[in-house]
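The paragraphs below walk through one protein model, from its charged surface to its loops. Please keep the sequence and the structure in view while reading.

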Amino acid sequence: MRLRELTGYKNIELYKKAKEIYMRLINQIPNNTELLTNLGSIELKLGRYFEGVDFLEKSIEIDRTQMVAIGNLANGLYELKKFDEALKVIEGMEHIKAAE
């Protein structure tokens, strides 16, 4: 096994461990946007795009100004080949930035 493969495996294992922790926390604090955003981002890193998009959408429903969640949502939709939806999310991001 190459060093790069080992590093990738280690990263995946770290993401899985982080996911376990976030899942426990989200059960205690279900409407916490930071937890939802981080959990969605972890799911994307693990290649679980549908799950990641779901968590990110929940987070954005609570607070529509979260740029990290919005950007990651666009990335997740892109990975799911939902290009039109991803573009709409990005266009929405521009409106939020302009309002700041």
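Which helices each supply at least two residues of the negative patch? They are α3 (49–62) and α5 (83–99). Helices here are DSSP runs of H or I with at least four residues, strands are runs of E with at least two, and both are numbered from the N terminus.

This is a predicted model, in which local features need pLDDT of at least 70 and side-chain atom pairs count only at pLDDT 80 or more, while totals for chains, interfaces and linings use all residues. Residues are numbered from 1 along each chain as its sequence is written, and side-chain values use heavy atoms, with hydrogens and water left out.

The chain has five helices and zero strands, so that its pattern along the sequence reads α-α-α-α-α. Of its 100 residues, 32% are buried. Buried stands for a relative accessible area under 20%, exposed for over 50%, and partly exposed for values in between, with a 1.4 Å probe and protein chains only. The areas themselves come from the Shrake-Rupley method with that 1.4 Å probe, and for residues only the protein chains shown count as cover.

The negative patch lies on the surface and gathers Asp54, Glu57, Glu61, Asp84 and Glu85. A patch is made of residues with over 30% relative accessible area and no salt bridge; like charges are joined within 9 Å, and nonpolar side chains (Val, Leu, Ile, Met, Phe, Trp, Tyr) within 5 Å. Asp and Glu count as negative and Lys and Arg as positive, whereas His and the chain ends are not counted. The place of a charge is taken as NZ of Lys, CZ of Arg, CG of Asp or CD of Glu. Helix α3 gives the most to this patch, with three residues. Glu61 sits in helix α3, and its relative accessible area of 58% makes Glu61 exposed.

Glu13 is partly exposed at 33% relative accessible area, and Lys16 is partly exposed at 42%.

Another salt bridge links Lys19 and Glu43, whose closest N and O atoms are 3.3 Å apart. Because Lys19 is in helix α1 and Glu43 in helix α2 (residues 33–45), this pair ties together parts 24 residues apart in sequence. Is Glu43 buried or exposed? With a relative accessibility of 2%, Glu43 is buried. Arg48 pairs with Glu51 in a further salt bridge, at 3.4 Å between the closest N and O atoms. Salt bridges link Lys19, Glu43, Arg48 and Glu51 in a network.

Helix α1 spans residues 3–28 and includes Glu20. Glu20 is partly exposed, at 45% relative accessible area. Although 19 residues separate Glu20 from Leu39 in sequence, their C-alpha atoms are 9.4 Å apart in space. A contrast of this kind also holds for Gln66 and Glu34, which are 32 residues apart along the chain and 9.2 Å apart between C-alpha atoms. Gln66 belongs to the loop between α3 and α4 and is buried, at 13% relative accessibility.

The loop between α4 (67–79) and α5 holds Lys81. What is the phi of Lys81? Its phi is positive, about 65 degrees, although Lys81 is not a glycine. Most residues other than glycine have a negative phi. Lys81 is exposed, with 60% relative accessible area.

The rings of Tyr78 and Phe83 have centres 5.2 Å apart and planes at 65 degrees, so the pair is edge-to-face. Rings of Phe, Tyr and Trp (its six-membered ring) pair if their centres lie within 6.5 Å; planes under 30 degrees apart are stacked, over 60 edge-to-face, and the rest tilted. Tyr78 is partly exposed at 49%, and Phe83 is partly exposed at 43%.

Definitions and conventions. Salt bridge = Lys/Arg side-chain N within 4 Å of Asp/Glu carboxyl O.
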